[in-house]
Every structure is written in C-alpha cells, then in structure tokens.
Amino acid sequence: MEDKYNKETVTRSLRQIACAAALASVTLIAGAHGDVTPQAVDVSTLKPLGKDWLVSNPYRKDKEAIRIGDSAYNQNCARCHGLGAVSGGIAPDLRYLPEGDEGDEIFMQRIRDGASRGGRVYMPPFEGILPQEAMWSIRAWLETVREE
Ligand code: HEC
C-alpha cells in the first residue's frame, strides 16, 4: 500500500511539474507583450556611427550588417513581428515597409520610441537598449526580405 501511495505522489508531482512547465511557456508567450529582456547585439565588426542619429541607413546592402541584423531581428523582434519578418498577425508585417529613406524614417521612429497608447505598451522602445548600429543592421536585413 505504501508503494502505491508513493507512486501516486510521484505521478502527482510529475503532473504538477508538467503543469508548471505549461504555465511557464504561457508566461513566455504573454511576455511577447513587453517584458522580455532585450538581447544584446554585437556590432563590433561594423563601422561605428557615432552619437548623432542618422536619418538614412548607412549600412544599406552591407553584407556584415545584414548578417548581424538577421540575428538581432530574430532575438529582439521576431516574437512579435514573426520569424523571417512574416507576421503572424500580432504586429505589422515589416516586409512591407517602404524601401529606402522613406522606410528608414518610419523604421527609426518606431524602433526608438516603441508604441504605447492609453498606458498600454504595444511595442517597447529600443532607444537606450540597442545601439544605433544594431538598429540600422536590422533595417538592412529587413530590406533583403522586402515585399511589394
Ligand atoms: C512586444 C511586441 C513587439 C516587439 C518585441 C517589437 N515590436 Fe515592433 N511593433 C509592435 C506592434 C504591436 C506594432 C504596431 C504599433 C501600433 O499599433 O501603433 C509595431 C510596429 C512596428 C513598426 C512600424 C510598422 C509600420 O508598418 O508602421 C516597426 C518599424 C517595428 N515595429 C519594428 C520593430 C523592430 C525592428 C523590433 C525589434 C527591434 C520590434 N518592432 C519589436 C510590436 C512589437
């Protein structure tokens, strides 16, 4: 009898662990709305851009920036904007941003300021979190997956 009891206890705690794990993954998904730690981006292999904010992408078509931007996007943006920039519907599909300077302006304003309305954060601001170099790298990569 004692054996059976122990077995049940084990089964029960296993079930609790499974439950906790399921809850934890729900929390991670819920974290898609703002409170997931941003991931640092290594930009040491890129030409430094200085302190002033540029208005047009200095890394457009730069291979190394595109490589860095691809991974920086996946770590910081994909959870809302979708893998490969193909939106699952939570956030706008960034493949359709206008090309060139026009898209650069929309992109930079949004990535720096994020988006909040009525006290709700729809997108966290990345200014002070990602350096300008990382932002422009993401933009350089986005232009490689652009759609009309
Ligand atoms: C927590 C979810 C979330 C994360 C993370 C996130 N975004 Fe957003 N983003 C949104 C939402 C939601 C909007 C739409 C905002 C609105 O409705 O005003 C948006 C809007 C944008 C826009 C404007 C799109 C347009 O068509 O006007 C750009 C550009 C953008 N995000 C870039 C990024 C980049 C780059 C990253 C990563 C560094 C990122 N976002 C991370 C949720 C997110």
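Predicted model: local features only at pLDDT ≥ 70, side-chain atom pairs only at ≥ 80, totals over all residues.

Trainee: How many residues does α4 have, and what span does it reach?

Mentor: Helix α4 covers residues 100–113, which is 14 residues. From its first C-alpha to its last it reaches 20 Å, close to the 20 Å expected at 1.5 Å a residue.

Trainee: Which residues of α4 are buried, and where do they lie on the helix?

Mentor: The general idea comes first. An α-helix has 3.6 residues a turn, so residues three or four places apart point the same way. In this case the buried residues of α4 are Asp 104, Phe 107, Met 108 and Ile 111. Viewed down the axis of α4, they fall within an arc of 100 degrees, so they line one face of the helix. Glu 102, Ile 106 and Gln 109, on the other side of α4, are exposed.

Trainee: Is α5 largely enclosed or exposed?

Mentor: A residue counts as buried if 20 or more other C-beta atoms lie within 10 Å of its own. In α5, 12 of the 13 residues are buried, so the helix is largely enclosed by the rest of the structure. Among them are Trp 136, Arg 139 and Trp 141. The buried residues of α5 pack against α2 (63–76) and α4.

Trainee: Which residues are closest to the ligand, and which element supplies the largest share of the shell?

Mentor: The ligand is surrounded by 21 residues, the closest being Cys 77, Cys 80, Ala 91, Ala 115 and Met 123. The largest share of the shell, 4 residues, comes from α4. At least two residues each are supplied by α3 (78–81), α4 and β2 (120–123). By class, the shell has 15 nonpolar, 4 polar and 2 charged residues.

Trainee: My last topic is the backbone angle phi. Where is phi positive in a residue other than glycine?

Mentor: Most residues other than glycine have a negative phi. Lys 61, although not a glycine, has a positive phi of about 70 degrees, and Ala 85 has a positive phi near 70 degrees. Lys 61 lies in the loop between α1 (2–30) and α2, and Lys 61 is exposed, with 10 other C-beta atoms within 10 Å. Ala 85 is in the loop between α3 and α4, and Ala 85 is buried, with 23 other C-beta atoms within 10 Å. A glycine also has a positive phi: Gly 114, which follows α4, has a value near 70 degrees.

Conventions:
Residues numbered from 1 in each chain as written. Expected span 1.5 Å × (residues − 1). Arc of directions from axis to C-beta. Near = placed C-beta within 6 Å. Nonpolar A, V, L, I, M, F, W, Y, C, P; charged D, E, K, R; others polar. Contact = placed C-beta atoms within 7 Å.
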